[in-house]
Amino acid sequence: MPRILMIDDSMFQRFSLGKLLTGLGHATLEAADGVSGLRLAEAEHPDMVILDLNMPGQTGLETLIAIRKLEASLPVVILSADIQETTKCRCLEAGATAFVNKPFDAETFTDLIRECLSGK
Amino acid sequence: MMHIVIDEETWDAFKESCERLLPNIESGLLDIETSGRDQLGDKLATLMRLVHTLKGDAGIVRLKNMVDLCHAMETLLGIISANPVLAKPSIVSMLLGALDKLKAMIDNPQEAAGIDIERELFVLGLATGRFRRDS
């Protein structure tokens, strides 16, 4: 069963996303900030990461850069309410697999997860 | 657009999350009135992040009026951040008025979509427009 790591400071975002992911048959891991998320990514080797940007302490972008140093091919999807095109570009340049705005369309997001996990 | 199903468990989780966020937003608002200039930037950044999180949570349960009110609060907080002299009781009381509406929504989230926020949006919008021109 593929394991997906959710890194988001919002307890409710983790809950609702976790519900969607478990409904799709995936196992989930969760962290409320970038530092503990990075630690989990290092220790647990998830199949995919879903990462928020606006978090206390280490930002999502900094976390993404740190994850990329650990795992070059791990799919990392940014899930953020930030709609600025510059933010999206910065994340994609830093190695994000995809950038999705909140609130997201569940069907499109499900397709994206399937694509990220294909072959796992 | 296909949405996440919002069942009773989801509403409970939403309410629990809001009940954690709101006291921190309230104490943050009261705090900025008395903060020294050197701490104000960090405190406003934290406050904006909390309001932004609440806005994101409200988006999941499709509470448009809560999203709109949070957005108006975030915008005014951004203006205070650019112009710290605005961190004064008369401005903070506008934000506290909006917070009261958010509290009323969270007291009964399943009825929250019907709560009128026109007055609060008007007040926050006026302040935002006026101080954006001044800053």
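Q: How many residues of chain B are in contact with chain A?
A: In this predicted model, 17 residues of chain B are in contact with 16 residues of chain A.

Q: Which helix of chain B gives the most to that side?
A: α2(B), with eight residues. Both α1 (8–34) and α2 (37–60) of chain B supply at least two residues each to the side that touches chain A.

Q: And how do the residues on that side of chain B divide by class?
A: Six are nonpolar, seven polar and four charged.

Q: Switching to α3(B) and α4(B). At what angle do their axes cross?
A: Roughly 160°, and the axes of α3 (residues 64–82) and α4 (residues 89–107) of chain B come within 11 Å.

Q: Parallel or antiparallel, then?
A: Roughly antiparallel, because the crossing angle is over 145 degrees. α3(B) passes α4(B) in a left-handed crossing.

Q: Which residues make the contact?
A: From α3(B), M66(B), L69(B), A72(B), M73(B), L76(B) and I80(B). From α4(B), I91(B), L95(B), A98(B), K101(B), L102(B) and M105(B). By class, the contact has 11 nonpolar residues, one charged and no polar.

Q: Now chain A. How many bridges join β1(A) to β2(A)?
A: Five, between β1 (residues 3–7) and β2 (residues 27–31) of chain A, and these strands run parallel.

Q: What stands opposite L5(A)?
A: L29(A), in β2(A).

Q: Through which helix does the chain cross from β1(A) to β2(A)?
A: Through α1 (residues 11–23) of chain A. The β-α-β crossover is right-handed.

Terms used
Residues numbered from 1 in each chain as written. Chains lettered and ligands numbered in written order. Predicted model: local features only at pLDDT ≥ 70, side-chain atom pairs only at ≥ 80, totals over all residues. Axes fitted to C-alpha atoms, helices over the stretch in contact; angles between N-to-C directions. Helix = DSSP H or I, 4+ residues; strand = E, 2+ residues; numbered from the N terminus. Parallel < 35°, antiparallel > 145°, perpendicular 65-115°, else oblique. Left-handed = near helix turned anticlockwise from the far one by under 90°. Contact = placed C-beta atoms within 7 Å. Nonpolar A, V, L, I, M, F, W, Y, C, P; charged D, E, K, R; others polar. Pairing = 2+ DSSP bridges. Right-handed = clockwise from strand over helix to strand, strands pointing away.
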